[in-house]
Every structure is written in structure tokens, then in C-alpha cells.
Amino acid sequence: MLSVLRMTPAGRLARHVRWCLAGPPRGELTGRLSVRSAPPTAEVGVASDWVVRVENHSRRVWPRAGAGRVAVRGRWITRNGGDYGGPIEAALPRTLLPGDWADIRVAVPGPAAVGDFTLAWDLTAGSQAVTGSPAEVIPVPVTFPRATDIDYHRVFRSADLDANSWWVVGAYHSREEYERSAAARRGMLVEQGLTPDSRVLDIGCGTGQMALALEGYLSDRGAYYGTDIGREAIEFARRTYRRPNFVFAPGEMTRVPFPDSAGPFDLAIFFSVFTHTFTDESVLLLAEARRLLGPRGTVIADVIVTDLADRAAGHRGEMRVNRGHFLRLAGAVGFGAKVIGTFPWAAGAERLMIRFDRTR
Ligand SMILES: C[S@@+](CC[C@H](N)C(=O)[O-])C[C@H]1O[C@@H](n2cnc3c(N)ncnc32)[C@H](O)[C@@H]1O
């Protein structure tokens with residue numbers, strides 16, 4: 001009841017009189033800022049709605065425009081305490097008399113990268129500081145826009161794989177580019193110890209880019225086992241790569257469908273897979289690879305790393321991980337890691353090719 005009365009014109013007038021008579025010294029700009037409504041998460045480049053309350057606790061009128069205007073300011077801060085992008089300023093909805101308050105609705109554009117950010121709000125009044133109002137700092141995990149999320153089941157179900165097998169699994173501009181990438185990956189694997197007699201496990205094999213690369217390379221003593229959550233992709237790979245030592249089976253999110261007796265493998269590869277899986281899934285898949293690898297077996301995988309996330313940030317469209325966190329988890333399932341390639345990616349992130357060797 002009292003709070004309703006406080007919002008009426010009479011209530012506002014009473015507050016105004018009280019602050020004029022008994023507020024802080026006349027020249028002092030004293031106020032308070034509080035965040036009334038914050039989004040639980042934000043998306044890169046997408047505006048989120050905030051409500052910030054400002055209260056004029058001084059004896060001065062707060063103008064909403066002009067040189068001495070009072071405004072609220074929001075700044076994105078990284079997990080390491082740095083400013084990220086320019087501040088957002090929002091004007092008062094009206095002139096605020098002493099004792100008056102207002103809620104300001106602000107559409108805050110998301111930062112340009114995913115990660116664990118905070119949004120720090122404060123009050124500004126040109127060059128003059130507003131006292132009594134420490135910044136409000138709200139943690140906000142930032143992810144990619146929902147519209148860029150990927151459901152691989154849907155991708156494979158709706159694709160015409162006979163026409164587009166190369167197109168659905170990566171950012172390739174042509175089939176030739178896809179084939180060049182396959183050959184380059186095979187060259188990299190040879191540098192890491194692949195031989196024609198190797199037994200290779202390809203987890204997240206898609207439509208078989210590495211089956212294409214290894215079809216003419218592996219001997220009959222070698223073997224290629226491919227698995228993917230996309231049943232249509234596996235069916236396509238089965239009818240396309242028909243050597244008897246090339247085996248394909250559909251898998252599940254954290255389970256590789258081959259029994260222990262299918263191993264031991266010399267090499268397990270995850271190409272552009274951990275860039276689409278959540279960290280707990282990636283680590284369970286690493287543990288599955290370890291189950292099927294021989295004692296001197298190796299994993300080669302690429303990941304996108306960012307220092308802007310405590311652990312990981314993103315979604316199935318693109319997942320970025322904190323490098324130290326990811327490598328600690330890989331260590332926990334029995335792998336030591338060595339970075340064998342570093343590639344520029346986006347602001348605040350880079351793509352690594354990592355070799356994991358069994359430590360036990
Ligand atoms: C970007 S594509 C890369 C495909 C292939 N490795 C290549 O480089 O051409 C990612 C693939 O990972 C598969 N995938 C995603 N999550 C998976 C999981 N948990 N287990 C197995 N495959 C998965 C997707 O279905 C998709 O085929």
C-alpha cells in the first residue's frame with residue numbers, strides 16, 4: 001500500500017520536498033542505480049532488454065539532455081576484467097526532480113564474441129561523478145544467436161547427399177575445395193604417424209571426407225571405421241566407400257557404436273566435431289576413443305579455444321572452449337595434449353589442431 005502511495009504524484013512531491021530540505025549538500029550529485037530486470041543470457045550481436053532504476057538523491061534537478069545530463073551507462077567486461085567494446089549510454093526518460101526516480105528500459109546489443117561476460121552499469125553526469133552509486137555488475141553468459149544453432153539430424157535428413165555430400169559438412173565453396181582439404185588432412189595425419197597399414201577410427205565422419213582421403217591410401221592390412229550421429233550420412237558413406245575394410249555405423253551423442261573387439265585402433269580422428277559438441281560430450285567421446293585405441297594410440301582433434309569463457313561458450317552451431325579447462329578434462333580421461341597446429345579464427349578465438357596421446 002505504502003509503495004503504491006509513493007508512486008503517486010503526491011508521493012513524488014513529498015519525496016521532492018524531503019530531498020530539497022534534507023538532502024546532501026546542494027552541489028553534490030548523489031543518486032542510486034539498481035538493475036530491476038536482467039536477461040539470464042545474451043546472444044552475440046543481438047540486443048537484450050534491461051530495466052535499470054535510477055533515483056535522484058540529491059537536491060539538484062537531473063536534466064535528461066544537455067551538457068549536465070545524467071544518464072546510465074553499461075559496459076561489457078570480460079572475465080579478465082577488460083572492457084569489451086564501447087559503452088552503451090541511455091538517457092533518463094524525463095527530467096528527475098530531487099527525490100524522484102525512474103525505470104529506464106535499455107536494449108543492450110550483445111558483445112561481438114561468446115564468453116562469460118559481466119555487464120557493469122553506472123550513472124554518469126558529464127564530467128561530474130555521481131556519488132553513492134557504485135556500479136552494478138551482473139554476470140551474463142553470452143552465446144551465439146539461436147538462429148545459428150545446428151541440428152545435424154535435421155541437416156542430413158533434409159539434404160540431398162548424392163548432390164551435396166561435400167557441402168553439408170563444412171564451409172566449403174566447392175567439391176574441389178572439399179577434396180583439397182581431405183588431402184591436406186591426410187598429409188597432416190601422415191606427419192603424425194599414419195601409415196597405409198594404420199587402423200583409423202573416424203568419429204563424426206559425416207559423409208566420409210576422410211574415407212575419401214584414405215580409400216586409395218590404406219592397405220588391406222589397414223582399416224577405416226567411421227561413425228556419426230547422422231544416419232543418412234552413414235548410409236551415404238556405406239554406399240559410397242565399399243572396400244571391405246571400410247566399416248560405417250551410426251553412433252550416439254556420447255557413444256561410439258563399435259565393440260572393444262573392433263580395436264585396437266592406431267589413430268582416432270575428430271575433425272570439426274568438438275567444434276559442435278558440448279564439453280561433457282567431447283570428453284565422453286574422448287573416453288570412447290581411448291577405449292578403442294591401442295596403448296600407443298593417438299587422437300587428432302581440432303577445437304576452437306577462447307580466453308573469454310571460463311569453461312566453454314557457444315552452441316552446436318559453433319562451440320568454443322577454454323583451452324586450459326578442456327586440456328585438464330582430456331587429462332582426466334587419460335590423454336596428454338600437444339598442439340600441432342594453430343589457425344586464426346574470429347576475434348577472441350583461435351582454432352587448434354591437437355594431438356592427444358595416452359598417458360595410461
Ligand atoms: C562439421 S561436420 C564434420 C564432418 C567430418 N568430420 C568432416 O570433417 O567432413 C560435424 C560432424 O560431426 C557429427 N557429430 C556431431 N556430434 C556428434 C557426436 N556426438 N558423435 C558423432 N558425430 C557427431 C555431425 O553429425 C557432423 O557430421
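Let's start in the loop between β12, residues 246-250, and β13, residues 265-270, because that loop is where proline 264 sits, and most peptide bonds are trans. Keep in mind as we go that this is a predicted model. The bond joining glycine 263 to proline 264 is a cis peptide bond, with omega at about -5°.

Move along to the next loop, the one between β13 and α8, and you'll find serine 272 there. Its phi is near 55°, which is a positive value in a residue other than glycine. For context, most residues other than glycine have a negative phi.

Now, on to the ligand. How many residues surround the ligand? There are 18, and the closest are Arg185, Gly204, Asp228, Met253 and Phe271. Sorted by class, that shell has nine nonpolar, six polar and three charged residues.

Let me walk you through some polar atom pairs. Arginine 185 places a polar side-chain atom 2.7 Å from an oxygen atom of the ligand. As for cover, the ligand on its own has 590 Å² of accessible area, and the protein covers 98% of that.

Last stop, folks: a pair of helices. Helix α8 spans residues 279-292 and helix α9 spans residues 323-332. They pack at an angle of about 35°, and their axes are 10 Å apart. Is the crossing left-handed or right-handed? For α8 and α9, it is right-handed.

So who meets whom? On the α8 side we have Thr279, Ser282, Val283 and Leu286, and on the α9 side His325, Phe326, Leu329 and Ala330. By class, this contact has five nonpolar residues, three polar ones and no charged ones.

Happy to turn the model around on screen if anyone wants another look!

Methods:
Residues numbered from 1 in each chain as written. Predicted model: local features only at pLDDT ≥ 70, side-chain atom pairs only at ≥ 80, totals over all residues. Heavy atoms only, no water. Axes fitted to C-alpha atoms, helices over the stretch in contact; angles between N-to-C directions. Helix = DSSP H or I, 4+ residues; strand = E, 2+ residues; numbered from the N terminus. Left-handed = near helix turned anticlockwise from the far one by under 90°. Contact = heavy atoms within 4.5 Å. Nonpolar A, V, L, I, M, F, W, Y, C, P; charged D, E, K, R; others polar. Near = heavy atom within 4 Å. Polar contact = N/O pair within 3.5 Å; in protein donor to acceptor, adjacent residues only side chain to side chain. Areas by Shrake-Rupley, 256 points an atom, 1.4 Å probe, with all protein chains shown as cover.
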